[in-house]
Amino acid sequence: MLSSLQQPTKIPIHGSDFLLPRRRFAAGRSLALPSFAAEDRRHSIVCVSKPLFVSKVVSFSGGERDAIKCKAYEADRSEPIRESVAATAAERSEAARKIKIGIYFATWWGLNVVFNIYNKKVLNAYPFPWLTSTLSLAAGSLIMLISWALRIVEAPKTDLDFWKTLFPVAIAHTIGHVAATVSMSKVAVSFTHIIKSGEPAFSVLVSRFLLGDTFPSTVYWSLVPIIGGCGLAALTELNFNMIGFMGAMVSNLAFVFRNIFSKKGMKGNSLSGMNYYACLSIMSLLIVTPFAIAVEGPQMWTTGFKEALAQIGPQLGWWMAAQSVFYHLYNQVSYMSLDEISPLTFSIGNTMKRISVIISSIIIFQTPVQPVNALGAAIAVLGTFLYSQAKQ
C-alpha cells in the first residue's frame with residue numbers, strides 16, 4: 001500500500017523491486033535500492049514474514065549518481081490510509097443498514113401474520129369488530145404512554161397545530177381499521193387481504209380525479225391485473241359475503257385518504273415514525289370509542305363474552321390481548337421502517353407482507369381455495385408489484 005510517492009527523476013520503480021530474493025542481492029545491484037557495502041549486505045535482506053507497506057519513496061540527485069530513499073512499515077506498524085479506511089467504514093455502514101432493514105421487514109411480516117391469526121380467532125369466537133378495533137388502539141396507546149412515562153422512548157414535542165393536522169389522518173385511519181376488522185369478521189383472512197391488495201387502484205383514481213395528479217401510462221396499465229385479479233378472486237370465493245367484501249373496499253379507500261392527509265400534514269414535522277403512529281393511535285382511540293359504544297355497547301359485549309368464554313375458555317382473554325398487542329407492534333415497526341427506506345421499497349415490502357399473510361392464513365385455518373380463486377389472488381398481487389415498479 002503506497003501512502004506517499006515522490007520521484008522527480010525518471011527512474012522506473014516496480015513493486016517487485018522492493019522485495020527481491022536473496023540470490024538477486026548476491027548477483028548484482030538492485031535497480032530500485034541503493035547499493036550497500038559487502039560487509040553490510042547481510043542487513044539489506046528484506047523480511048517478508050509480514051507484509052510491507054511502502055509509506056514514502058523519494059528520489060534525489062547528488063554527486064555522480066541518483067539515489068533512492070525508501071521508508072516502509074510492517075503490517076502491524078503501518079500507517080493507516082484515510083481513503084481506504086473511509087471506504088471500509090462506508091461499506092460497513094451500508095451493510096449494517098441493509099441488515100437493519102432486513103430485520104425490520106422480517107419483524108414486520110412476522111408480527112402481521114401473528115396479528116391476523118389471533119385477530120381471526122377472536123372474531124370467530126367473539127364477533128364484535130368495533131370492540132376488537134377499540135382494544136387494538138387502546139393497547140397501543142397504553143404501551144406508548146407507559147414508554148413515554150418511563151422514558152423508554154422520548155416523548156414527542158407537539159402543539160395544537162400538530163393535533164389539528166393529525167385529526168383528518170386519524171379519522172381515515174379509524175375508518176380503515178374498523179372496516180378491515182368488520183371484513184375479517186365476515187370472510188376469510190386471505191380473501192380480505194386479496195381485496196386489500198387492490199388499494200393502489202383506489203390511490204390512483206383518488207389522486208387523478210380529486211387531486212388532479214397525473215401518472216405514466218405504465219401505472220394505469222398496472223391497474224388492469226389488480227382490478228381483474230381482485231374481481232376474479234371475489235367471483236370465485238366459496239364463502240363470499242357482501243359485508244366482508246364492502247368492508248375491505250371501504251378500508252382501501254380510507255387508507256388512501258389517510259396516506260394523502262398524512263403526506264400533507266407531516267411536511268416539515270420531525271416526529272419519528274414510532275411517535276407519529278403512537279399519536280395517531282391515541283387520537284383514533286378517542287374517535288372510535290363513542291362509536292363502538294353506540295353500535296355494539298357494553299350489554300352486547302358482556303353477553304357475547306360470557307358465551308364465548310363458555311365455549312373457548314380462559315384462552316379467549318389471551319387471544320384478545322395478543323391480537324391487541326401485535327396489532328400495535330406490527331404497525332409500529334412498519335412506521336419505523338419508513339424512516340429507513342424509500343416509499344417504493346416500502347410498497348414492495350407491503351406486497352410481500354400480503355403474500356405471507358394470505359399463504360399462512362390459508363394453511364393455518366385450512367381455508368378451501370379453488371384453483372381459479374388462487375389464480376385471481378396471484379394476478380392481483382402481481383399487479384400490485386407491477387404498480388410499485390411503474391410508479392418508481
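Author: Gly 228 is found in helix H7 (residues 217–235), where helices (H or I, at least four residues) and strands (E, at least two) are DSSP runs, numbered from the N terminus. This is a predicted model, in which local features need pLDDT of at least 70 and side-chain atom pairs count only at pLDDT 80 or more, while totals for chains, interfaces and linings use all residues. Residues are numbered from 1 along each chain as its sequence is written, and side-chain values use heavy atoms, with hydrogens and water left out.

Reader: What makes Gly 228 count as partly exposed?

Author: Buried means under 20% relative accessible area, exposed over 50%, and partly exposed in between, with a 1.4 Å probe and protein chains only. Gly 228 has 42% relative accessibility, so it counts as partly exposed. The C-alpha atoms of Gly 228 and Gly 198 are separated by 9.7 Å, and these residues are 30 residues apart along the chain.

Reader: Why does Thr 174 count as buried, and which residues is it in contact with?

Author: The relative accessibility of Thr 174 is 7%, and therefore Thr 174 counts as buried. Thr 174 is found in helix H4 (residues 160–186). Contact means heavy atoms within 4.5 Å, and, leaving aside neighbours within four places in sequence, Thr 174 is in contact with Ser 284, Ile 287 and Val 288.

Reader: Why is helix H5 described as largely enclosed by the rest of the structure?

Author: Eight of the eight residues of helix H5 (residues 189–196) are buried, so H5 is largely enclosed by the rest of the structure. Among the buried residues of H5 are Phe 191, His 193 and Lys 196.

Reader: Which residues have the most contacts inside the largest nonpolar core, and what makes a set of residues a nonpolar core?

Author: A nonpolar core is a set of buried Ala, Val, Leu, Ile, Met, Phe, Trp, Tyr and Cys residues joined through side-chain atoms within 4.5 Å. The largest one has 35 residues, and those with the most contacts inside it are Trp 148, Leu 166, Tyr 276 and Leu 280. The largest share of this core, eleven residues, comes from H9. Not counting residues up to four places away in sequence, Leu 166 touches Tyr 276, Cys 279, Leu 280 and Met 283.

Reader: Why is Arg 151 called exposed, and what is its phi?

Author: Arg 151 has a relative accessible area of 77%, and so Arg 151 is exposed. Arg 151 lies in the loop between H3 and H4, and has a positive phi of about 60° although it is not a glycine. Most residues other than glycine have a negative phi.

Reader: What makes Gln 366 count as exposed?

Author: Gln 366 counts as exposed because its relative accessibility is 66%. Gln 366 lies in the loop between helix H12 (343–365) and helix H13 (371–390), and its phi is near 50°, a positive value in a residue other than glycine.

Reader: How do you know where confidence is lowest and where it is highest in the protein?

Author: The guide is pLDDT, the predictor's confidence in each residue, from 0 to 100. Confidence is lowest in helix H1 (residues 22–27), at a mean of 44, and highest in H3, at 96. Over residues 1–48 pLDDT stays under 50. Where pLDDT is low, the predicted coordinates should not be read in detail.
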